[in-house]
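Please have a look at it first, and then I will begin with a question.

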2 protein chains.
Amino acid sequence: MDETMTSGRHFLQIPGPTNVPERVRLAMDRSVPDHRGWEMPELTSELVRGLRQVFKTTSGRIALYPGSGTAAWEASIVNTLEPGDRVLAFSIGHFSHLYAECGRRLGMAVDEVELPWTRGVPPELVEAHLSVDRAHRYRAVLVVHNETSTGATSDVGAIRAAMDAAGHPALLLVDSVSGVASMDFRFDEWGVDVALTGAQKGLMLPPGMGILCLGPRALERSRHVTTPRYFLDWGPLLEQMETGYFPYTPATLHLLGLREALRMLLEEGLEAVFARHARLAGAVRGAVEAWGLEILCQCPAERSNTLTAVVVPPEVDADHVLRFAQTRLNLSLGTGLGRLRKRVFRIGHLGALNELEVLATLAGVELALHLSGVPLDLGSGVAAAQRLLAETLRTRAGATTPC
Amino acid sequence: MDETMTSGRHFLQIPGPTNVPERVRLAMDRSVPDHRGWEMPELTSELVRGLRQVFKTTSGRIALYPGSGTAAWEASIVNTLEPGDRVLAFSIGHFSHLYAECGRRLGMAVDEVELPWTRGVPPELVEAHLSVDRAHRYRAVLVVHNETSTGATSDVGAIRAAMDAAGHPALLLVDSVSGVASMDFRFDEWGVDVALTGAQKGLMLPPGMGILCLGPRALERSRHVTTPRYFLDWGPLLEQMETGYFPYTPATLHLLGLREALRMLLEEGLEAVFARHARLAGAVRGAVEAWGLEILCQCPAERSNTLTAVVVPPEVDADHVLRFAQTRLNLSLGTGLGRLRKRVFRIGHLGALNELEVLATLAGVELALHLSGVPLDLGSGVAAAQRLLAETLRTRAGATTPC
């Protein structure tokens, strides 16, 4: 079978991996550099500087692993916790559940607070759980910033405030795999201790890397933690990265791609990147509303700017919509994960993405829904999205109105 | 700074990462596929089939991780051993020492037999150590097939025979990071329980993957092992790979590159690949002898066909030779690792490589040695290599003598 089942380009609109920009691809399409050679110190240093800007931190240290978001989860746990340590986790979807499961499988005593898979973590609930823990047995709180399975975000700053209000010293470990670099993330301001992401979402790279940002409290804790670890031990990694090198062969082409991706993000301007995601997400939500379908995330303020999970009518199988889009329209959408299987599908709108790509995606979703028996007016979602985009385009055009 | 410090191409002759063939680069220079999409089952199945051929196994299962050789080490340990399990390791160089250290850091009781860093593991020593372990406390034996820091190989088949002669049931875990796909590896015939490698050596990919081949005894053991593990747990991985998918986002472009690399290896023919490596390695060794320098690996039969570690005269700093080659000749060589630092440098001759590239490398090494004050006749090593290559070229030309 060939790469494409139809002519023209593939629309990869899952919530990551995202479309890799040509500039990043070209930066990676070169000979492999010597990972102990002269190119490394300058490269590593630029990556660290750029990622610090993306995480909005001055004191955070950056750790880069060949791996995945799952490897980053494990790194966040084995470096800061001892087996048996109590951990408070909030499960608001498939990935926050798995993050808790990861902690459990690594030997931690995880109290997993199960919440509806329709919204973020309520900060007052964090405060309530921590306030009663007067012995400060919880060593860490696990939170997913942007739950990729539901499209619900949690207010990390408010969660830190809740932890502070409870006077609790637990570390705050935050998964922002599908948030960082597409949505605002304020490592320092929010008092995050460990933030983690993957390469293949807002950072616009092919999958293959786990990326962490580590605060002083997490670093201090890791110096005393005796949990068995080797590959993911960030001690030797940080020590070597300081000199520009790595304790084992890094994914060098990914590092080169990351440099280009960071340059692109900083050229566009991080605030402009976040505004673009907000704008495009608004258009997608407008389309879903025009179709009369339900957005899984119930609270408008918590709706993600990087993906939208759409609930299909009970008589429709969401996987049928997906299969139709994939086989007939060369459009990949995200499936419903875990208990959401067949009930929802997810539209990814993050990374390198513009208005026309979103409109094409919506037109495709509309067709796939229509042909799967969902009653809707063809064009209605696209038009709703266009109207929303027209407003912001008019505003953004400003003084420089085209003649 | 630009990619190249001189014009023309960079000679990456470290013992891996190796030069990525254009075909592999082009296979990876494409849009990221949907990792839950239609392309995956056929892709994964071809990779598993191809890797089984490379490992020479019919019963072995293949596990692919986004990661590195280090991640593969850790996977081989956490899936087959419990903390406190006794492990017998043989340290014949920097990497076999680190493999033992990896086991130790992960909580195993590792007995590390320290041997000279100039040869492979003597099978009779394995038998001696296992014979006295009548209680069968050793659960595993760690062996490095091709020690990348010294260029010495171990006879894995003979080691298995020694284990059998001792009547010992320990698992045989073999690192062949810089051996597999360049040198013959016979997983089934040698009775290996776990073999592991990286992507960036004989498999000719950019770094970013760890690859394992798992035998039935290792699989059986892993079903009972309770060692905390998540990212590297091969249970869920193998289960999903059976269907063509992965439990987390795999390094999809690496998978596509691996498919192309395997096709290239099988088109050339594995035995032809091994013969090419033997021929090119012979030429390198001929050059080193012509220079009057010592090859670190003392036993000719154990000299690696993928790299050669060269001992410099005591008054010369090997790192000076390297720096000269790198900055003036755009030639990367391997540094001396651990206790070999400044005493040796390593010439990598594995992966995608031909006669002229080897001769160019030798000419460059010769220049760098000459200008670092090593007394030698310029051209002597290149000529020795040419003479050796001429012999094999004459034989291989056979009936089809050029007119």
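How does A:K56 count, as buried, partly exposed or exposed, when its C-beta neighbours inside 10 Å are counted? A:K56 has 19 such neighbours, and so it counts as partly exposed. The rule behind this is that a residue is buried if 20 or more other C-beta atoms lie within 10 Å of its own, exposed if 12 or fewer, and partly exposed in between, with the C-beta atoms placed from the backbone.

Before I go further, a word on what we are looking at. This is a predicted model, in which local features need pLDDT of at least 70 and side-chain atom pairs count only at pLDDT 80 or more, while totals for chains, interfaces and linings use all residues. Residues are numbered from 1 along each chain as its sequence is written, and chains are lettered from A and ligands numbered from 1 in the order in which they are written.

Let me stay with that lysine for a moment. A:K56 is found in the loop between helix 2 and strand 2 of chain A, and its phi is positive, about 55°, although it is not a glycine. To put that in context, most residues other than glycine have a negative phi, and most peptide bonds are trans. In the other chain, B:K56 also has a positive phi, near 55°, and lies in the loop between helix 2 (40–55) and strand 2 (61–66) of chain B.

The peptide bond from A:G16 to A:P17 is cis, with omega near -5°, and A:P17 sits in the loop between strand 1 (11–12) and helix 1 (22–28) of chain A. In chain B, the bond from B:G16 to B:P17 is cis as well, with omega near -5°.

Now to chain A as a whole. Chain A has 13 helices and 15 strands, where helices (H or I, at least four residues) and strands (E, at least two) are DSSP runs, numbered from the N terminus. For its 403 residues, a compact globule would have a radius of gyration near 22 Å, and chain A, with 21 Å, agrees with this; the radius is taken over C-alpha atoms, and the globule rule is 2.2 Å times the number of residues to the power 0.38. Of the 403 residues of chain A, 59% count as buried. If we take the contacts in chain A with a separation of 6 or more, residues 24 or more positions apart account for 73% of them, a contact meaning that two C-beta atoms, placed from the backbone, lie within 7 Å.

Helix 2 of chain A, residues 40–55, has 16 residues and reaches 22 Å from its first C-alpha to its last, close to the 22 Å expected at 1.5 Å a residue; the expected span is 1.5 Å times one less than the number of residues. Its buried residues are A:M40, A:T44, A:L47, A:G50, A:L51, A:V54 and A:F55. Seen down the axis of helix 2 of chain A, these buried residues fall within an arc of 135°, so they line one face of the helix, the arc being that of the directions from the helix axis to the C-beta atoms. The face turned away from the buried side carries the exposed residues A:E42 and A:R49. The buried residues of helix 2 pack against several elements of chain A, including strand 2 (61–66) and helix 8 (234–241).

Finally, how do the two chains meet? The contact takes 49 residues from chain A and 49 residues from chain B. Helix 3 of chain A gives the most to the side of chain A that touches chain B, with four residues. Chain A can be laid on chain B with an RMSD of 0.0 Å by a turn of 180° and a shift of 0.0 Å along the axis, and the two copies are thus related as by a two-fold rotation axis; the superposition is by least squares on the C-alpha atoms of residues with pLDDT of at least 70 in both. Among the residues of chain A, A:G67 comes closest to that rotation axis, at 2.2 Å (C-alpha). Since 100% of the interface residues of chain A are also interface residues in chain B, the copies meet through the same surface.
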